[in-house]
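Here's a quick briefing to read alongside the model. Take a look first, then we'll go through a few spots.

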Amino acid sequence: MPHDGHDHDHDHDHQAVPSDPALRVKALETLLVEKGLVDPAALDAIIDTYETQVGPRNGARVVAKAWSDPAYLARLRDDATAAIAELGYEGRQGEHMVIVENTDTVHNMVVCTLCSCYPWSVLGLPPVWYKSDAYRSRAVIDPRGVLADFGVTLPEETEIRVWDSTAEMRYLVIPRRPAGTEGMDEEALADLVTRDSMIGTGLAQEPAA
Amino acid sequence: MNGVHDMGGMQGFGPVRPEADEPIFHGEWEKRALALTLAMAAWGRWNIDISRHARERLPAADYLRYTYYEKWIAALGMLMVETGLLTADELATGRPDAGAQRAEPPLTAEKVGPTLRRGGPSARPVAEAPRYAVGDRVRAKNINPAGHTRLPRYARGKVGEVVMQHGGHVFPDSNAHRLGEAPCHLYAVRFTARELWGPDADPRQSVTLDLWEPYLDAV
């Protein structure tokens with residue numbers, strides 16, 4: 001914004017909030033703390049939650065258990081919210097979970113075309129590309145093109161199901177279990193489950209030879 | 001509203017550019033922007049639908065120009081002024097008005113864990129039985145409300161098949177405008193790519209959207 005606009009004239013005695021986002025957010029935080037509207041310690045606790053506690057390792061454990069334990073997979077199919085809560089993952093942006101399973105013939109991919117809905121409780125905060133105009137616009141009309149941007153090519157006969165998260169239901173993709181993983185325990189399996197494989201823009205990794 | 005936020009099916013935004021080893025935040029200010037937004041929501045002056053609609057109401061050119069957390073901060077500013085938590089002058093200057101009362105923040109550090117674990121479930125009981133069953137064919141209405149809706153333009157007027165019943169949920173078109181939660185049945189509805197995009201589309205592709213009963217007509 002130019003600083004010589006007419007709005008500025010009557011504000012000459014005020015210190016205008018800067019346009020740079022970093023400075024603007026700092027100014028806003030200072031104001032909100034000064035007014036007693038936010039507690040700085042609560043802000044730190046929120047940040048710590050999403051930096052150290054809630055992230056894609058949660059979802060990877062869900063997937064590894066789904067691959068390993070048929071009874072758990074059945075519970076996920078029946079009520080994914082409750083089955084995921086068994087592992088301690090619940091709450092904000094994971095209140096209503098649904099799993100969608102990739103198979104030999106079906107590949108699922110999740111998007112939110114209207115904003116950035118994403119299953120925080122199992123995947124953490126969404127990456128920049130998930131929130132980008134390019135992904136939001138193109139995932140529904142050209143999913144194979146989007147997959148190519150991620151270096152993923154699926155057989156031509158594979159059915160692709162895109163899920164546009166328009167409500168509060170949050171979709172977790174259960175990727176296909178890679179070959180050569182028989183006998184691996186859940187922790188080792190979880191290492192193969194990438195974040196993108198649980199969004200549907202990637203595949204689970206092959207185990208190291 | 002037919003805003004730029006409703007971008008499903010638009011072309012011309014270029015390739016998706018995944019970032020290798022992407023950090024959770026790009027800079028300290030993004031952390032603070034996220035935390036301020038979540039902490040201010042604890043005042044209970046707005047709900048998630050009002051908050052989404054605030055981002056949609058940003059000027060279209062700003063919406064496209066801003067990064068994600070810039071949108072959040074701009075919408076947070078709007079909401080705080082609209083609900084009287086800040087005055088427009090305070091937001092513009094970054095200084096409390098003379099004589100402003102100091103408040104007590106509702107969200108303290110001890111409450112952060114329980115608040116985030118509780119989240120904000122949208123499921124609600126609905127007295128009426130669901131009108132549609134899995135397997136039913138339905139048509140998404142052709143509506144163009146000036147306010148908030150979660151029926152994207154690309155699905156309007158199209159015919160799909162109900163693939164899941166999700167039970168009763170808060171209706172955003174009402175809740176975003178402080179007209180009550182108006183819960184109604186929510187369904188996952190699958191549309192073939194050919195129905196959405198025409199005869200050149202891949203016959204093995206589909207898009208499934210979660211749509212509330214008021215968006216749907218029986219076919």
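Which residue follows H4(B), and is its phi positive or negative? Gly84(B) comes after H4(B), with a positive phi near 80°. Keep in mind that this is a predicted model, where local features need pLDDT of at least 70, side-chain atom pairs count only at pLDDT 80 or more, and totals for chains, interfaces and linings use all residues. Residues are numbered from 1 along each chain as its sequence is written, while chains are lettered from A and ligands numbered from 1 in the order in which they are written.

**Helix H4 of chain B**
- H4(B) runs over residues 68-82 and spans 21 Å from first to last C-alpha, close to the 21 Å expected at 1.5 Å a residue (1.5 Å times one less than the number of residues).
- Its buried residues include Tyr69(B), Trp72(B) and Leu76(B); buried takes 20 or more other C-beta atoms within 10 Å of a residue's own, with C-beta atoms placed from the backbone.
- Part of the cover over those buried residues comes from helix H2 (21-34) of chain A.

**The annotated site in chain A**
- An unreviewed UniProt entry puts a "binding site" on Cys112(A), Cys115(A), Ser116(A) and Cys117(A); such annotations may be inferred rather than shown by experiment.
- Ser116(A) counts as buried because 20 other C-beta atoms lie within 10 Å.
- Leaving out residues up to four places away in sequence, Ser116(A) touches Tyr68(B), among others (contact: backbone-placed C-beta atoms within 7 Å).
- Cys117(A) is buried too, with 25 C-beta neighbours inside 10 Å.

Definitions and conventions. Helix = DSSP H or I, 4+ residues; strand = E, 2+ residues; numbered from the N terminus. Buried ≥ 20, exposed ≤ 12 C-beta atoms within 10 Å, placed from the backbone. Contact = placed C-beta atoms within 7 Å.
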